[in-house]
Amino acid sequence: MSCILHIETSTEVCSVALSEDGHCIFSKEDMQGPSHAVTLGVFVDEALSFANSHAIPLDAVAVSCGPGSYTGLRIGVSTAKGVCYGMDLKLLSVPTLKVMCVPILLRDILPEDALLCPMIDARRMEVYAAVYDRALRDVRPVQADIVDENSYLEYLEKHPVYFFGNGAAKCKAKIIHPNAHFLDDIHPLAKWMFPLAERQLMNGQFEDVAYFEPFYLKEFVASKPKNLL
């Protein structure tokens with residue numbers, strides 16, 4: 001049996017969840033943000049109180065690792081580290097763009113050859129995006145894209161591609177291929193982290209609590225504009 005505390009603060013939404021053996025047993029979300037500095041600590045305290053009141057011991061803390069808001073990710077990771085240090089727990093990091101795919105894979109019937117393209121908003125026509133198959137294998141790794149009429153054509157010519165996330169809406173006018181499908185109201189939420197986090201826990205894929213940072217800070221800021229504030 002395993003219980004994981006999940007923290008997601010990569011966008012304007014702040015959310016915390018608890019999962020136990022493949023089920024979400026606690027979830028809190030604030031869609032009115034960004035107010036992570038105020039809200040996150042309250043949600044984490046409520047989650048820990050829920051676990052204590054039900055005599056459920058925690059095994060790990062999972063945090064969304066980006067790409068996303070610089071401030072949001074720093075607050076989320078700092079909080080996750082604090083809980084790990086204080087309770088002697090393992091730290092897991094879950095890619096934000098894969099978290100966004102989970103609700104679609106759970107609720108929607110997609111074609112066998114469908115590709116998923118989650119997008120985090122940057123500025124102007126820029127997004128951070130990746131392309132995954134239905135098994136969440138990388139078809140194209142995460143990178144910063146400037147979206148125009150030719151974006152993602154190599155995938156659209158061969159597959160139905162589903163675009164979603166807070167960067168997708170502004171791309172509708174540019175990506176008009178008949179194989180392009182846009183899904184609304186998809187956010188990275190803590191309650192969708194558990195399938196990915198529990199797999200990492202089972203495989204022993206832990207982060208170093210002392211040195212872990214959101215990977216977006218290292219991989220993207222040096223080469224792209226600092227536009228996710």
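**Close-up views of a predicted model**

**View 1. Valine 142 and its strand.** Valine 142 has its place in strand S8 (residues 138–146); helices (H or I, at least four residues) and strands (E, at least two) are DSSP runs, numbered from the N terminus. The model is predicted, so local features need pLDDT of at least 70 and side-chain atom pairs count only at pLDDT 80 or more, while totals for chains, interfaces and linings use all residues. Residues are numbered from 1 along each chain as its sequence is written, and side-chain values use heavy atoms, with hydrogens and water left out. With a relative accessible area of 24%, valine 142 is partly exposed; buried means under 20% relative accessible area, exposed over 50%, and partly exposed in between (1.4 Å probe, protein chains only). Valine 142 and glycine 165 are 23 residues apart along the chain, and their C-alpha atoms are separated by 14 Å.

**View 2. Helix H1 and its two sides.** Helix H1 covers residues 36–53, and its end C-alpha atoms are 25 Å apart, which agrees with the 26 Å that its 18 residues should span at 1.5 Å a residue. The expected span is 1.5 Å times one less than the number of residues in the helix. His36, Thr39, Leu40, Phe43, Val44, Ala47, Leu48 and Ala51 are buried in H1. These residues lie on the same side of H1 because they cover an arc of only 160° around the axis, the arc being that of the directions from the helix axis to the C-beta atoms. An α-helix has 3.6 residues a turn, so residues three or four places apart point the same way. Val38, Asn52 and Ser53, on the other side of H1, are exposed. The cover over the buried residues of H1 includes S1, S2, S3 and H2, where contact means heavy atoms within 4.5 Å. Alanine 55, which follows H1, has a positive phi, near 50°.

**View 3. Helix H5 and its cover.** Helix H5 spans residues 194–203, and its buried residues are Phe194, Leu196, Ala197, Glu198, Gln200 and Leu201. Among the elements that cover them are strand S1 (3–8), strand S2 (14–20), strand S3 (23–30), strand S4 (60–64), strand S5 (90–94) and helix H3 (96–107). Glycine 204 follows H5 and has a positive phi, near 70°.

**View 4. The largest nonpolar core.** This core holds 31 residues, of which Ala62, Leu92, Val94, Ile104, Leu116 and Phe164 touch the most other members. A nonpolar core is a set of buried Ala, Val, Leu, Ile, Met, Phe, Trp, Tyr and Cys residues joined through side-chain atoms within 4.5 Å. At least two residues of this core come from each of S4, S5, H3, strand S6 (115–121), strand S7 (126–132), strand S9 (161–164) and H5. H3 supplies the largest share, 6 residues. Beyond its neighbours within four places in sequence, phenylalanine 164 is in contact with Met100, Cys101, Ile104, Leu116, Cys117, Pro118, Met119, Leu183 and Ile186. Another core, of 26 residues, lies apart from the largest one and includes Phe26, Ala51, Ala80 and Phe212.

**View 5. Lysine 81, a buried charge.** Lysine 81 lies in helix H2 (residues 70–87). Although buried, lysine 81 has no salt bridge, and the nearest side chain of opposite charge, glutamate 213, is 6.1 Å away. Lys and Arg count as positive and Asp and Glu as negative, whereas His and the chain ends are not counted. A salt bridge is a side-chain nitrogen of Lys or Arg within 4 Å of a carboxyl oxygen of Asp or Glu. Leaving aside neighbours within four places in sequence, lysine 81 is in contact with Leu91, Val209, Ala210, Tyr211 and Phe212.

**View 6. Salt bridges.** The count by this rule comes to 8 salt bridges. In one of them, glutamate 29 pairs with lysine 191, with the closest N and O atoms 3.4 Å apart. Glutamate 29 lies in strand S3 and lysine 191 in the loop between strand S10 (180–183) and H5, so this pair ties together parts that are 162 residues apart in sequence. Arginine 137 forms a salt bridge with aspartate 133, with the closest N and O atoms 2.9 Å apart. Arginine 137 is exposed, at a relative accessible area of 55%, whereas aspartate 133 is buried, at 15%.
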